Amino acid sequence: MNGSPADVVEAAFRFYRAQDREAALPLYADDFTFTSPRDDHIDRAAFFARCFPTADRMREQRMLHLTEAGPELVFAYYEYEPTTGGRYRNVEAITVRDGLIREVRVFFGGEV
């Protein structure tokens with residue numbers, strides 16, 4: 001994808017919320033890794049099998065800040081409301097190199 005690292009990340013979130021796997025796949029590098037408090041450096045296949053299909057667990061997800069913190073690093077700060085209730089905020093540190101998402105590290109926040 002052409003555009004800034006923030007543009008790539010914004011598109012990835014948009015495709016996730018729409019559950020458009022075919023549009024999202026080309027944004028992720030073959031050697032992509034995903035880490036969260038529940039996942040430790042899982043690969044691209046595991047991410048798309050286990051994490052990507054979870055958008056239906058949310059009533060809403062809203063980007064609060066999308067910040068380029070360096071030439072390859074984007075911070076995404078967002079709020080979401082699960083279907084089970086409550087509101088939460090997370091931060092993701094996302095590495096984008098050569099137009100591809102290489103790594104995502106998710107930091108879970110608490111209820112707001």
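This is a predicted model: local features need pLDDT of at least 70, side-chain atom pairs count only at pLDDT 80 or more; totals for chains, interfaces and linings use all residues.
Residues are numbered from 1 along each chain as its sequence is written. Local features need pLDDT of at least 70, side-chain atom pairs count only at pLDDT 80 or more, and totals for chains, interfaces and linings use all residues, while side-chain values use heavy atoms, with hydrogens and water left out.

Helix H1 covers residues 5-18 and has 14 residues. Helices (H or I, at least four residues) and strands (E, at least two) are DSSP runs, numbered from the N terminus. From its first C-alpha to its last, H1 reaches 20 Å. That is close to the 20 Å expected at 1.5 Å a residue, where the expected span is 1.5 Å times one less than the number of residues. The buried residues of H1 are Pro5, Ala6, Val8, Val9, Ala11, Ala12, Phe13, Phe15 and Tyr16. Buried means under 20% relative accessible area, exposed over 50%, and partly exposed in between (1.4 Å probe, protein chains only). Ala18 also lies in H1. Ala18 counts as exposed because its relative accessibility is 57%. Just after H1, Gln19 takes a positive phi of about 55 degrees.

The largest pocket has a volume of about 760 Å³. On a 1 Å grid over the protein atoms alone, a pocket is an open set of points with protein on both sides within 12 Å along at least five of seven lines, and lining residues have an atom within 4 Å of a point. Grid points are joined across faces, edges and corners, and the volume is the space filled by probe spheres set on the points. The lining of the largest pocket holds 28 residues. Tyr16, Cys51, Thr54, Tyr78 and Phe108 lie nearest the centre. Two or more lining residues come from each of H1, strand E1 (28-36), helix H3 (44-51), strand E3 (58-68), strand E4 (73-82), strand E5 (88-97) and strand E6 (100-111). E6 gives the most, with five residues. By class, the lining has 18 nonpolar, five polar and five charged residues. Here Ala, Val, Leu, Ile, Met, Phe, Trp, Tyr, Cys and Pro count as nonpolar, Asp, Glu, Lys and Arg as charged, and the others, Gly among them, as polar.

Strand E1 contains Thr35 and Ser36. Thr35 counts as buried because its relative accessibility is 12%. Ser36 is buried too, at 10%. Not counting residues up to four places away in sequence, Thr35 touches Asp40, His41, Val104, Arg105 and Val106. Contact means heavy atoms within 4.5 Å. With neighbours within four places in sequence left aside, Ser36 is in contact with Val106 and Phe108. A polar atom of the Thr35 side chain lies 3.1 Å from the backbone nitrogen of His41.

His41 belongs to strand E2 (residues 39-43). His41 has a positive phi of about 55 degrees although it is not a glycine. Its relative accessible area is 39%, so His41 is partly exposed. Asp98, also not a glycine, has a positive phi of about 55 degrees. Asp98 lies in the loop between E5 and E6. Asp98 is exposed, with a relative accessible area of 69%.

Definitions and conventions
On a 1 Å grid over the protein atoms alone, a cavity is a set of points where a 1.4 Å probe fits but cannot get out, and a pocket is an open set with protein on both sides within 12 Å along at least five of seven lines; lining residues have an atom within 4 Å of a point. A polar contact is a pair of N or O atoms within 3.5 Å; within protein, one must be able to donate a hydrogen and the other to accept it, and residues adjacent in sequence count only if both atoms are side-chain atoms.
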